[in-house]
Amino acid sequence: MSINEIKTTVFGFMGTQPTRLGQPGSTPVCSFRLGSTPAYYDAAAGVWKRKSTTWLTVKAFRTLAVNALACLHKGDPVMVTGSLVTEEWTTDGQPHSSLVLIADGIGHDLARGQDTFTRIRSSSASIDEGAAGPDPWTTPLASSPSETASASPASSAPEEVSVEAANAG
């Protein structure tokens, strides 16, 4: 981590499907848009109110990019932690800038649903180590069935509970 680096965690929903950036044989990179809409309870009115949505571009690299492309979908509730940076560029002589969250970690928001986890075991060096070898974009990742965490049969069906019922008990 560098001095004065802004580390943050953002909860929100995937606004776009993750897309692959770069060429085959290069470091895996993916990008997607993340929308975060804060809400608060207005006790006087007795209702929840939403503020305006903040949109960020999220970029992930190496193994995180490969796994994000395989697991994340538009609309998914996620939490992303990483470094907040400003990307700057010029188009037709006009300067532009955009906030980008360079992801260190991405996960589904389990407060909003259930998920399973599959640990990836690779016989070669990790993508994060810059290993020479098969292109990670085209090589399927190996996983062991015994390392796949899944919900027990009794809890595998999603439970639907109204907000009123959940707050009552």
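Is Asp92 buried or exposed? Asp92 counts as exposed, because its relative accessibility is 76% and the cut-off for exposed is over 50%. Keep that residue in mind.

One caution before we go on. This is a predicted model.

Let's take the overall layout. The protein has two helices and ten strands. Along the sequence, the order reads β-β-β-β-β-β-α-β-β-β-β-α. There are 169 residues, and 22% of them are buried. Now the contacts. Take pairs at least 6 apart in sequence, and 61% of those contacts join residues at least 24 apart.

Next, helix α1, which covers residues 62-71. Which of its residues are buried? Ala65, Val66 and Ala68. Look down the axis of α1: these buried residues fall within an arc of 165°, so they line one face of the helix. There is a general point behind this. An α-helix has 3.6 residues a turn, so residues three or four places apart point the same way. And what does the buried set of α1 pack against? Three strands: β3, β6 (54-61) and β8 (94-108).

Stay with α1 for one more residue. Arg62 is found in this helix. Its phi is near 60°, a positive value in a residue other than glycine. Arg62 counts as partly exposed, because its relative accessibility is 36%, between the cut-offs of 20% and 50%.

Now back to Asp92. It sits in the loop between β7 (77-91) and β8. Asp92 is not a glycine either, yet its phi is positive, at about 50°.

On to strand β6, where Trp55 lies. Trp55 counts as partly exposed, because its relative accessibility is 45%. What does Trp55 touch, leaving aside neighbours within four places in sequence? The contacts are Gly15, Arg33, Leu34 and Gly35. Trp55 and Met14 are 41 residues apart in sequence, and their C-alpha atoms are 9.9 Å apart in space.

Now the second largest pocket. It holds about 250 Å³ of space. Its lining is Phe11, Gly12, Phe13, Gly35, Ser36, Thr37, Ala39, Arg50, Val78, Asp109 and Arg112. Which elements give two or more residues to that lining? They are β1 (6-14) and β3 (29-36). β1 gives the most, with three residues. By type, the lining divides into four nonpolar, four polar and three charged. Note Gly35. It is one of the lining residues, and it is also among the contacts of Trp55.

Last topic: the cysteines. Is Cys30 buried or exposed? Cys30 is buried, because its relative accessible area is 0% and the cut-off for buried is under 20%. Cys71 is partly exposed, with a relative accessible area of 45%.

To recap. α1 has its buried residues along one face. Those residues pack against β3, β6 and β8. The second largest pocket draws two or more lining residues from each of β1 and β3. Arg62 has a positive phi, and so does Asp92.

Terms used:
Residues numbered from 1 in each chain as written. Predicted model: local features only at pLDDT ≥ 70, side-chain atom pairs only at ≥ 80, totals over all residues. Heavy atoms only, no water. Buried < 20%, exposed > 50% of the residue type's maximum accessible area, 1.4 Å probe, protein only. 1 Å grid on protein atoms, 1.4 Å probe; cavity = no way out; pocket = protein on both sides within 12 Å on 5 of 7 lines; lining within 4 Å. Points joined across faces, edges and corners; volume = space filled by probe spheres on them. Helix = DSSP H or I, 4+ residues; strand = E, 2+ residues; numbered from the N terminus. Nonpolar A, V, L, I, M, F, W, Y, C, P; charged D, E, K, R; others polar. Arc of directions from axis to C-beta. Contact = heavy atoms within 4.5 Å.
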